[in-house]
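Here is a short tour of a sheet and of the nonpolar cores. Have a look at the model first, then read on.

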Amino acid sequence: NEYKINKPVVVLNDFDICDFDSVRISVEDAIEDAITYLVDLGHGNIGFIGEKKYGRNLQLFERVMKKMKLKINPDFIAMSDKRFKEAGYDAMDTLFKKNALPPSGIIASNDTIGFGALYCIEDYGKKVPDDFSVIGAGDIEVSRFVNSNLTSVKLHTDECCNIAMELLLKKMNNNGYKTVQHIILKPKLVIGDSTAKKKRDE
């Protein structure tokens with residue numbers, strides 16, 4: 001498609017519109033970091049939980065698993081119709097119901113999904129990280145105040161917005177500035193106490 005806009009534009013989290021400046025966070029790198037960390041901890045079975053409304057992260061999870069030549073077990077994936085923490089609880093509950101022994105490594109689409117999974121695991125009488133290691137994404141502040149300090153991939157959302165604003169102001173203040181930039185921010189794995197070396201047999 002051809003876009004004709006005579007005003008400065010900065011696109012967030014989308015590189016498909018190549019004519020404009022863009023800033024995005026590499027969610028694929030975030031998922032790869034999470035998977036790599038779980039593998040390094042000895043988790044051979046890794047599952048994914050999220051919301052059906054947002055399936056993009058699941059697609060990236062499957063892409064990274066294939067790239068890393070890791071087995072994707074459909075029974076270790078659960079996507080919920082619910083939202084936020086309730087979706088995490090519901091998706092983790094689905095994993096328990098589908099599997100006599102759910103995967104010991106769980107990647108949640110975001111931190112709130114991860115929180116829900118923690119509560120579900122507790123209700124099943126299991127422990128984190130003794131029985132399950134859970135990783136979220138976002139590293140939101142509330143993750144420091146729930147029953148487990150959630151390991152999470154920090155996505156630098158604030159920095160992404162700040163850079164986008166700087167680019168936008170630069171374009172607004174200088175009509176002659178025509179350079180188009182595509183900026184990718186790398187995630188950072190923040191280790192909490194919801195992950196540990198695998199202790200149970202799979």
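Arg-24 sits opposite Ile-184 of strand 8 (strands are DSSP E runs of at least two residues and helices are H or I runs of at least four, numbered from the N terminus). This is a predicted model, where local features need pLDDT of at least 70, side-chain atom pairs count only at pLDDT 80 or more, and totals for chains, interfaces and linings use all residues. Residues are numbered from 1 along each chain as its sequence is written, and side-chain values use heavy atoms, leaving out hydrogens and water.

**The sheet**
- Strand 2 (residues 21–25) runs parallel to strand 8, joined to it by 4 bridges (pairing takes at least two DSSP bridges).
- Helix 5 (residues 157–173) packs on the sheet and touches strand 1, strand 2 and strand 8 (contact means heavy atoms within 4.5 Å).
- The direction of helix 5 makes about 175 degrees with that of strand 2 (axes are fitted to C-alpha atoms, for helices over the stretch in contact, with angles from 0 to 180 degrees between N-to-C directions).

**The cores**
- The largest nonpolar core has 29 residues, of which Val-23, Ile-35, Phe-48, Phe-61 and Ile-107 touch the most other members (a core joins buried Ala, Val, Leu, Ile, Met, Phe, Trp, Tyr and Cys through side-chain atoms within 4.5 Å; buried means under 20% relative accessible area, with a 1.4 Å probe and protein chains only).
- Elements giving two or more residues to this core include strand 2, helix 1 (27–40) and helix 5.
- Helix 1 contributes the most, with 6 residues.
- Another core lies apart from it, with 18 residues, among them Ala-78 and Leu-150.

Definitions and conventions. Buried means under 20% relative accessible area, exposed over 50%, partly exposed in between (1.4 Å probe, protein chains only).
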